[in-house]
Amino acid sequence: VDRDSLYRESFPIKGDDFERGGEVATRVKGLLQQLGLPRDVIRRLSIANFEAEMNVVMYAREATLEVLVFPDLIRVQVVDRGPGIADIDWAMQEGHSTATEAMRARGFGAGLGLPNIQRNTDEFEVKSDVGVGTTLRYAVHTTSRPKEG
Amino acid sequence: VLTCEILSGDDLLDLDIACCFAADLMSDVLASAPNGALLVTGLASSQMVHTAEVADLAAIVLVAGKRPEVEALAFARQRKLPLLLTGLSMFEVCSLLSQHGLRGAVRKE
């Protein structure tokens, strides 16, 4: 799976930094635009990145979002240090959330983040160690046809 | 139609907007709003403008007299994203836009 990427760049995300939540997704969007990718690919990746970034802001202490560019796909890994997810199947169901009122006041925390990431990506994987952190890996194929939804 | 105050993008308002999506929940917007849509929202935080940016939305109308957070306004201006304010409620805004022919976003499943 870990072939050599053409390009890779890492972006730090700080937990609890609500004022800046979304900046990494926006910066990565700029990078994807420079790569000249199709608009639909950029949009799907940006939506997934934004949801992943907000998950870190809401729940984790810190994380690194890494973008790896391959000839036929863009892979993203979000590795956080945080509480982890005890029951991933539960968290993957729409509407399931442990968010607080403060998180919901920011327009997130409705239990749609992980499903939104999965819906917008062609490959998706969550691994989590309770008390250690969560790793998200997802990818969008740059040669694929636009995905519905 | 809405008597809005224009906070950002007053030179960019000659827009053709295909449809409208109204929500305070940004995950709903990210899940369902098509690109080029107008976002009607009561959320004044920076996540509102980042949502519009990543989802390629055309413009934002902030309802119920809310003022955007400082970071949100700075981001909208930097990204040339039209941001309009109105004292009308979300329901009134949607109703007026609908009367003037704007359609809702069709949810794809």
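Chain B exposes about 5100 Å² of surface, of which carbon and sulfur atoms supply 52%; accessible areas come from the Shrake-Rupley method with a 1.4 Å probe, and for residues only the protein chains shown count as cover. This is a predicted model, in which local features need pLDDT of at least 70 and side-chain atom pairs count only at pLDDT 80 or more, whereas totals for chains, interfaces and linings use all residues. Residues are numbered from 1 along each chain as its sequence is written, chains are lettered from A and ligands numbered from 1 in the order in which they are written, and side-chain values use heavy atoms, with hydrogens and water left out.

Of the 109 residues in chain B, 51% are buried, where buried means under 20% relative accessible area, exposed over 50%, and partly exposed in between (1.4 Å probe, protein chains only). Four helices and six strands make up the secondary structure of chain B; helices (H or I, at least four residues) and strands (E, at least two) are DSSP runs, numbered from the N terminus. In order from the N terminus, the elements of chain B read β-β-α-β-α-β-α-β-α-β. Chain B is as compact as a globular protein of its length, because its radius of gyration of 12 Å is close to the 13 Å that the globule rule gives for 109 residues. That radius is taken over C-alpha atoms, and the rule is 2.2 Å times the number of residues to the power 0.38. The C-alpha trace of chain B spans about 35 × 30 × 25 Å along its principal axes. Among contacts in chain B between residues at least 6 apart in sequence, 52% join residues at least 24 apart; contact means heavy atoms within 4.5 Å.

The six strands of chain B form an open sheet with mixed pairing, in the order β1-β5-β4-β3-β2-β6. Strands β1 (5-8) and β6 (103-104) of chain B stand at the edges with a single partner strand each, so one side of each has no neighbour in the sheet. Two strands pair if DSSP finds at least two bridges between them. Strands β4 (residues 59-62) and β5 (residues 83-85) of chain B pair in the parallel sense over three bridges, and B:Val61 has B:Leu84 in β5(B) as its bridge partner.

Helices lie against this sheet. Helix α2 (residues 46-54) of chain B lies across β3 (38-41), β4 and β5 of chain B, at about 155° to β4(B). Helix α3 (residues 70-78) of chain B also packs on the sheet, touching β1 and β5 of chain B, and its direction makes about 75° with that of β1(B). Axes are lines fitted to C-alpha atoms, for helices over the stretch in contact, and angles run from 0 to 180 degrees between N-to-C directions.

Which residues of α3(B) are buried? They are B:Ala72, B:Leu73, B:Phe75 and B:Ala76. Seen down the axis of α3(B), its buried residues fall within an arc of 165° (taken from the directions from the helix axis to the C-beta atoms), so they line one face of the helix. An α-helix has 3.6 residues a turn, so residues three or four places apart point the same way. The buried residues of α3(B) pack against α1 (23-34) of chain A, together with β1, α2 and β5 of chain B. On the other side of α3(B), B:Val70 and B:Gln78 are exposed. After α3(B) comes B:Lys80, with a positive phi near 55°.

In chain A, seven of the nine residues of strand β3 (residues 73-81) are buried.
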